[in-house]
Amino acid sequence: MDRQSLVPNQKSTVQSTSSGCTNIEDLVKVLETTSPTIPSAVVQHFINTAGLSTSDPQILNLISLASEKFIADIASEAMEHYKMKASSKGNALLTLTELSAALKEHGINAKKPPYFH
């Protein structure tokens with residue numbers, strides 16, 4: 001599938017991202033200029049493991065940016081769980097309890113191994 005078949009001729013709008021792009025052309029420009037935190041080789045490995053095969057750098061960047069957003073949302077929610085439980089204003093310490101609560105909201109079940117109880 002070539003890039004032209006992925007981008008329609010009409011200006012399709014998407015939700016505004018943190019960089020402020022509001023249409024497909026802006027999103028493509030952002031993907032071309034953004035260097036994601038998660039390396040393309042790592043993204044490539046996991047999408048290959050999941051059964052998807054692509055070498056398009058824009059697709060890899062899009063998946064990487066979506067993964068970064070997902071991880072940031074979970075970390076933010078975990079800190080919110082911590083703040084709701086914390087009674088003092090000491091140093092914030094993210095534990096598996098808070099992280100598990102945030103992951104559970106996204107349908108991911110994380111538990112301590114039984115030998116840590």
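Figure 1. Among the contacts of the protein that join residues with a separation of 6 or more, 40% are made by residues 24 or more positions apart. The model shown here and in the following views is a predicted one. Its secondary structure consists of five helices and zero strands, and, read from the N terminus, the elements follow one another as α-α-α-α-α. Of the 117 residues in the protein, 21% are buried.

**Figure 2. The crossing of helix 2 and helix 4.** Two packed helices are described by two quantities, namely the angle between their axes and the distance between those axes. Here the axis of helix 2, which covers residues 24–33, and the axis of helix 4 come within 9 Å and cross at roughly 90°. Because angles of 65 to 115 degrees count as roughly perpendicular, helix 2 is described as roughly perpendicular to helix 4. On the side of helix 2 the contact is made by Val28, Leu31 and Glu32, while helix 4 contributes Gln58, Asn61, Leu62 and Leu65. Sorted by class, the residues in this contact of helix 2 with helix 4 are four nonpolar, two polar and one charged.

**Figure 3. Asparagine 61 and its surroundings.** Asparagine 61 belongs to helix 4, which covers residues 57–85, and is among the residues through which helix 4 makes contact with helix 2. Asparagine 61 counts as buried because its relative accessibility is 10%, and buried means under 20%. A polar atom of the asparagine 61 side chain lies 2.8 Å from the backbone oxygen of leucine 31, and the side chain of asparagine 61 also reaches the backbone oxygen of threonine 34, at 3.5 Å. When neighbours within four places in sequence are left aside, the residues in contact with asparagine 61 are Leu31, Thr34, Pro36 and Ser40.

**Figure 4. Serine 64 and its surroundings.** Serine 64, like the residue in the previous view, has its place in helix 4. With a relative accessibility of 1%, serine 64 counts as buried. The side chain of serine 64 reaches the backbone oxygen of isoleucine 38 at 3.0 Å. Apart from neighbours within four places in sequence, serine 64 is in contact with Pro36, Ile38 and Val43.

Conventions:
Residues are numbered from 1 along each chain as its sequence is written. This is a predicted model: local features need pLDDT of at least 70, side-chain atom pairs count only at pLDDT 80 or more; totals for chains, interfaces and linings use all residues. Side-chain values use heavy atoms; hydrogens and water are left out. Helices (H or I, at least four residues) and strands (E, at least two) are DSSP runs, numbered from the N terminus. Buried means under 20% relative accessible area, exposed over 50%, partly exposed in between (1.4 Å probe, protein chains only). Contact means heavy atoms within 4.5 Å. A polar contact is a pair of N or O atoms within 3.5 Å; within protein, one must be able to donate a hydrogen and the other to accept it, and residues adjacent in sequence count only if both atoms are side-chain atoms. Axes are lines fitted to C-alpha atoms, for helices over the stretch in contact, and angles run from 0 to 180 degrees between N-to-C directions. Angles under 35 degrees count as roughly parallel, over 145 as roughly antiparallel, 65 to 115 as roughly perpendicular and the rest as oblique. Ala, Val, Leu, Ile, Met, Phe, Trp, Tyr, Cys and Pro count as nonpolar, Asp, Glu, Lys and Arg as charged, and the others, Gly among them, as polar.
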